[in-house]
Amino acid sequence: FHHGRTMHKLEAFGEAVKAYAVASDLGYVRANLGLAVIHSEGPLHLRDEIKAVRYLQRGFAAGDAEAAFLLGERYQAGQGVLKSDKRAAEAFRVAADGGMAEAQFRLAMALRNGKGVTYDTKAARTYFTKASDQGHVEAKVELARMYLYGIGGSANRFVARKLYIDAAEAGHAYAAERLAQA
(Lines give C-alpha, C1' and ligand atoms only; values in the text may rest on other atoms or scores of the structure.)
Protein backbone atom coordinates (compact mmCIF):
# COMPACT_ATOMS: atom_id res chain seq x y z
CA PHE A 1 0.00 0.00 0.00
CA HIS A 2 2.73 2.48 0.95
CA HIS A 3 4.58 1.83 -2.30
CA GLY A 4 1.35 2.54 -4.19
CA ARG A 5 0.84 5.80 -2.32
CA THR A 6 4.45 6.84 -2.99
CA MET A 7 4.10 6.06 -6.70
CA HIS A 8 0.77 7.92 -6.76
CA LYS A 9 2.41 11.02 -5.24
CA LEU A 10 5.23 10.77 -7.78
CA GLU A 11 2.59 10.51 -10.53
CA ALA A 12 3.89 7.10 -11.59
CA PHE A 13 0.28 6.03 -12.01
CA GLY A 14 0.88 2.69 -13.72
CA GLU A 15 3.14 1.55 -10.87
CA ALA A 16 0.69 2.94 -8.33
CA VAL A 17 -2.18 0.94 -9.84
CA LYS A 18 -0.12 -2.28 -9.66
CA ALA A 19 0.92 -1.66 -6.04
CA TYR A 20 -2.57 -0.61 -4.94
CA ALA A 21 -4.10 -3.66 -6.65
CA VAL A 22 -1.80 -6.01 -4.74
CA ALA A 23 -2.52 -4.16 -1.50
CA SER A 24 -6.27 -4.25 -2.16
CA ASP A 25 -6.13 -8.01 -2.76
CA LEU A 26 -4.27 -8.34 0.56
CA GLY A 27 -7.05 -6.48 2.37
CA TYR A 28 -5.61 -2.96 2.68
CA VAL A 29 -8.88 -1.01 2.59
CA ARG A 30 -7.34 2.38 1.73
CA ALA A 31 -5.80 0.89 -1.42
CA ASN A 32 -9.32 0.79 -2.89
CA LEU A 33 -9.59 4.53 -2.54
CA GLY A 34 -6.26 5.05 -4.30
CA LEU A 35 -7.38 2.84 -7.17
CA ALA A 36 -10.73 4.60 -7.40
CA VAL A 37 -9.10 8.03 -7.53
CA ILE A 38 -6.63 7.01 -10.24
CA HIS A 39 -9.36 5.35 -12.34
CA SER A 40 -11.58 8.40 -11.89
CA GLU A 41 -9.18 11.35 -12.07
CA GLY A 42 -5.85 9.97 -13.27
CA PRO A 43 -4.34 10.01 -16.76
CA LEU A 44 -6.81 9.40 -19.55
CA HIS A 45 -5.36 6.00 -20.45
CA LEU A 46 -6.11 4.76 -16.90
CA ARG A 47 -9.56 6.30 -16.47
CA ASP A 48 -12.29 3.73 -16.11
CA GLU A 49 -15.52 4.71 -14.34
CA ILE A 50 -16.62 1.10 -13.88
CA LYS A 51 -13.39 0.25 -12.05
CA ALA A 52 -13.54 3.49 -10.05
CA VAL A 53 -17.04 2.66 -8.82
CA ARG A 54 -16.09 -0.95 -8.07
CA TYR A 55 -13.18 0.17 -5.88
CA LEU A 56 -15.31 2.78 -4.12
CA GLN A 57 -17.90 0.08 -3.42
CA ARG A 58 -15.18 -2.13 -1.93
CA GLY A 59 -14.02 0.71 0.30
CA PHE A 60 -17.61 1.50 1.29
CA ALA A 61 -18.28 -2.14 2.16
CA ALA A 62 -15.18 -2.13 4.37
CA GLY A 63 -16.31 1.06 6.15
CA ASP A 64 -13.84 3.51 4.61
CA ALA A 65 -15.45 6.92 5.26
CA GLU A 66 -13.79 8.71 2.35
CA ALA A 67 -14.64 5.98 -0.16
CA ALA A 68 -18.21 5.94 1.16
CA PHE A 69 -18.47 9.71 0.75
CA LEU A 70 -17.19 9.65 -2.83
CA LEU A 71 -19.57 6.79 -3.64
CA GLY A 72 -22.43 8.75 -2.10
CA GLU A 73 -21.59 11.72 -4.32
CA ARG A 74 -21.71 9.44 -7.36
CA TYR A 75 -25.10 8.01 -6.39
CA GLN A 76 -26.42 11.50 -5.69
CA ALA A 77 -25.31 12.74 -9.13
CA GLY A 78 -25.77 9.52 -11.11
CA GLN A 79 -22.08 9.56 -12.08
CA GLY A 80 -20.95 6.10 -13.19
CA VAL A 81 -23.96 4.56 -11.39
CA LEU A 82 -27.72 4.84 -11.56
CA LYS A 83 -28.85 7.88 -9.57
CA SER A 84 -30.19 6.73 -6.23
CA ASP A 85 -31.00 8.96 -3.29
CA LYS A 86 -31.38 5.89 -1.09
CA ARG A 87 -27.91 4.54 -1.90
CA ALA A 88 -26.42 8.03 -1.62
CA ALA A 89 -27.88 8.37 1.89
CA GLU A 90 -26.59 4.92 2.87
CA ALA A 91 -23.09 5.84 1.73
CA PHE A 92 -23.25 9.26 3.38
CA ARG A 93 -24.29 7.59 6.65
CA VAL A 94 -21.12 5.45 6.65
CA ALA A 95 -19.00 8.52 5.91
CA ALA A 96 -20.90 10.63 8.46
CA ASP A 97 -20.46 8.02 11.16
CA GLY A 98 -16.78 8.00 10.19
CA GLY A 99 -16.62 11.67 11.17
CA MET A 100 -16.72 13.48 7.81
CA ALA A 101 -18.41 16.86 8.27
CA GLU A 102 -19.60 17.20 4.66
CA ALA A 103 -21.13 13.71 4.82
CA GLN A 104 -22.85 14.60 8.11
CA PHE A 105 -24.27 17.69 6.42
CA ARG A 106 -25.49 15.79 3.35
CA LEU A 107 -27.04 13.05 5.44
CA ALA A 108 -28.76 15.69 7.60
CA MET A 109 -30.19 17.32 4.47
CA ALA A 110 -31.47 13.95 3.25
CA LEU A 111 -33.05 13.24 6.64
CA ARG A 112 -34.60 16.69 6.87
CA ASN A 113 -36.07 16.40 3.37
CA GLY A 114 -36.90 12.67 3.46
CA LYS A 115 -34.76 12.16 0.37
CA GLY A 116 -33.65 8.52 0.11
CA VAL A 117 -34.38 8.00 3.81
CA THR A 118 -37.34 8.34 6.14
CA TYR A 119 -38.09 11.96 7.01
CA ASP A 120 -36.59 12.50 10.47
CA THR A 121 -35.95 16.04 11.68
CA LYS A 122 -34.61 14.90 15.06
CA ALA A 123 -31.89 12.80 13.40
CA ALA A 124 -31.26 15.62 10.90
CA ARG A 125 -30.68 18.00 13.79
CA THR A 126 -28.22 15.53 15.32
CA TYR A 127 -26.16 15.29 12.12
CA PHE A 128 -26.33 19.05 11.49
CA THR A 129 -24.97 19.47 15.03
CA LYS A 130 -22.10 17.06 14.37
CA ALA A 131 -21.15 18.89 11.16
CA SER A 132 -21.57 22.30 12.79
CA ASP A 133 -19.32 21.27 15.66
CA GLN A 134 -16.61 20.61 13.06
CA GLY A 135 -17.03 24.11 11.61
CA HIS A 136 -19.26 23.29 8.62
CA VAL A 137 -20.77 26.70 7.84
CA GLU A 138 -23.85 25.52 5.89
CA ALA A 139 -24.64 23.12 8.73
CA LYS A 140 -24.53 26.05 11.16
CA VAL A 141 -27.09 27.92 9.05
CA GLU A 142 -29.41 24.91 8.73
CA LEU A 143 -29.09 24.15 12.43
CA ALA A 144 -29.82 27.80 13.28
CA ARG A 145 -33.09 27.54 11.31
CA MET A 146 -33.99 24.38 13.19
CA TYR A 147 -33.34 26.04 16.55
CA LEU A 148 -35.14 29.22 15.50
CA TYR A 149 -38.33 27.38 14.52
CA GLY A 150 -38.09 24.40 16.90
CA ILE A 151 -37.65 21.84 14.12
CA GLY A 152 -36.44 18.45 15.33
CA GLY A 153 -36.34 19.63 18.95
CA SER A 154 -37.06 22.61 21.12
CA ALA A 155 -36.73 26.16 19.86
CA ASN A 156 -33.90 28.28 21.23
CA ARG A 157 -33.48 31.75 19.73
CA PHE A 158 -30.22 32.32 21.65
CA VAL A 159 -28.58 29.22 20.13
CA ALA A 160 -29.97 30.11 16.69
CA ARG A 161 -28.49 33.62 16.94
CA LYS A 162 -25.10 32.23 18.05
CA LEU A 163 -25.05 29.86 15.06
CA TYR A 164 -25.99 32.67 12.65
CA ILE A 165 -23.20 34.83 14.14
CA ASP A 166 -20.68 32.01 13.66
CA ALA A 167 -21.79 31.49 10.06
CA ALA A 168 -21.83 35.22 9.28
CA GLU A 169 -18.32 35.60 10.70
CA ALA A 170 -17.26 32.83 8.33
CA GLY A 171 -18.63 34.87 5.41
CA HIS A 172 -22.06 33.30 4.93
CA ALA A 173 -24.26 35.99 3.34
CA TYR A 174 -27.67 34.54 4.31
CA ALA A 175 -26.58 34.26 7.96
CA ALA A 176 -25.48 37.90 7.89
CA GLU A 177 -28.87 38.88 6.42
CA ARG A 178 -30.71 36.99 9.14
CA LEU A 179 -28.70 38.81 11.80
CA ALA A 180 -29.42 42.19 10.21
CA GLN A 181 -33.17 41.44 10.28
CA ALA A 182 -33.15 40.40 13.92
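Residues are numbered from 1 along each chain as its sequence is written, and side-chain values use heavy atoms, with hydrogens and water left out. Because the model is predicted, local features need pLDDT of at least 70 and side-chain atom pairs count only at pLDDT 80 or more, while totals for chains, interfaces and linings use all residues.

**Helix packing**

Two packed helices are described by the angle between their axes and the distance between the axes. Helices here are DSSP runs (H or I, at least four residues) numbered from the N terminus, and their axes are lines fitted to C-alpha atoms over the stretch in contact, with angles that run from 0 to 180 degrees between N-to-C directions.

| Helices | Axes come within | Axes cross at roughly |
|---|---|---|
| helix 7 (residues 101-113) and helix 9 (residues 137-149) | 10 Å | 30° |
| helix 10 (residues 157-169) and helix 11 (residues 173-181) | 7 Å | 130° |

The angle makes helix 7 roughly parallel to helix 9, whereas helix 10 and helix 11 are oblique to each other; angles under 35 degrees count as roughly parallel, over 145 as roughly antiparallel, 65 to 115 as roughly perpendicular and the rest as oblique. Helix 7 passes helix 9 in a left-handed crossing, a term for a near helix turned anticlockwise from the far one by less than a right angle, and helix 10 also passes helix 11 in a left-handed crossing.

In the contact (heavy atoms within 4.5 Å), Phe105, Met109 and Arg112 of helix 7 meet Glu138, Ala139 and Glu142 of helix 9, which by class gives three nonpolar, no polar and three charged residues. On the other packing, Arg161, Tyr164, Ile165, Ala167 and Ala168 of helix 10 meet Tyr174, Ala175, Ala176, Arg178 and Leu179 of helix 11, and these residues divide into eight nonpolar, no polar and two charged.

**Aromatic pairs**

Rings of Phe, Tyr and Trp (its six-membered ring) pair if their centres lie within 6.5 Å, with planes under 30 degrees apart counted as stacked, over 60 as edge-to-face and the rest as tilted; the count comes to three aromatic pairs. In one of them, the rings of phenylalanine 69 and phenylalanine 92 have centres 5.6 Å apart and planes at 40°, so the pair is tilted. This pair links helix 5 (residues 65-77), which holds phenylalanine 69, with helix 6 (residues 85-97), which holds phenylalanine 92, 23 residues apart.

Key
Helix = DSSP H or I, 4+ residues; strand = E, 2+ residues; numbered from the N terminus. Nonpolar A, V, L, I, M, F, W, Y, C, P; charged D, E, K, R; others polar.
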